[in-house]
Structure formats: C-alpha cells, structure tokens
Amino acid sequence: MRLFNNVGFIKKDEREFDMEKYNDLAVSLQNLRNVKEKGITIVKSFQEETFISYMHLWEEALLVMRTLERMGACKGCEVVIQCRDVENYLYAFWASVLGGFIAVPMDVSNNEYKSKANEKI
C-alpha cells in the first residue's frame, strides 16, 4: 500500500480478488456479507484503528437503510449524509447504495460555506 497526501490505495496487482467482476456496489457488498475476517480498517490516528468486517458493514447498512425507508426514503431519493465520524458515514453511504438512494455527503464543519449549502437543502 502506498500513501500520497493522506490517501491510501492498493495497486491492482496486490488485490486478493478481482473487483472487475463486482461492477455493482450493492452486489459487491452482498457477495461479501458473510465475510467476518475481511473488511475496512478506519485509521483514526497513528495509535488507533477500527476494523469493520464486511459482515458487520452489511448488517449496519441494512439497519440504516430500513430506518431511512421508514422515514420515507425511496429508490432515487437524495439522502443527505452528515456524520462526524467515518464509521457512521460508511453505514449511511452503504445504506444509500443498498436502498438505491442518492447519497449526498455534507461537510459537518462549521463555516460560512456550510451554512449557505445547508440553506439550499
């Protein structure tokens, strides 16, 4: 893995499985929903990391998706996502993918631009 300006990426030849066969994000996560030992590692600091298995991501995303549906979200609806932490953002983003919603990430920092952006919503 290489690091460039705080963005990590893995070269194609270092992957353990071929992501080209998973051309649909929802299908990709669905195919990995029973995998406990692989997932996403969130690096919070040099000393702190959080691991989320694909199984846990699937389960939490489904819960969020169902909650959004009960609130009236439907396929094609825009869902504004404002989360202070990456973990909750991931659950909301994947809930949007699974539900067919359009994820609209919004910055949660306090600034003049944010206030104007929120007024448009």
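**Helix and strand packing**

Modeller: In this predicted model, H56, L57, W58, E60, A61, L62, V64, M65 and L68 of α2 are in contact (heavy atoms within 4.5 Å) with L90, Y91, A92, W94, A95, L98 and G99 of α3. Local features need pLDDT of at least 70 and side-chain atom pairs count only at pLDDT 80 or more, while totals for chains, interfaces and linings use all residues. Residues are numbered from 1 along each chain as its sequence is written, and side-chain values use heavy atoms, without hydrogens and water.

Colleague: How many residues of the contact of α2 with α3 are nonpolar?

Modeller: Ala, Val, Leu, Ile, Met, Phe, Trp, Tyr, Cys and Pro count as nonpolar, Asp, Glu, Lys and Arg as charged, and the others, Gly among them, as polar. On that basis the contact of α2 with α3 holds 1 charged, 2 polar and 13 nonpolar residues. The number asked for is 13.

Colleague: At what angle do α2 and α3 pack?

Modeller: Helices (DSSP H or I runs of at least four residues) are numbered from the N terminus, as are strands (E runs of at least two). The axes of α2 (residues 54-70) and α3 (residues 86-99) lie 7 Å apart. The angle between them is about 70°.

Colleague: Which residue of β6 is the bridge partner of V80?

Modeller: Strands β5 (residues 78-81) and β6 (residues 102-105) pair (DSSP finds at least two bridges) in the parallel sense, over 4 bridges. The bridge partner of V80 is V104.

Colleague: Which residue in β4 stands opposite I42?

Modeller: β3 (residues 39-43) and β4 (residues 49-53) run antiparallel and are joined by 5 bridges. Opposite I42 stands T50.

Notes: Axes are lines fitted to C-alpha atoms, for helices over the stretch in contact, and angles run from 0 to 180 degrees between N-to-C directions.
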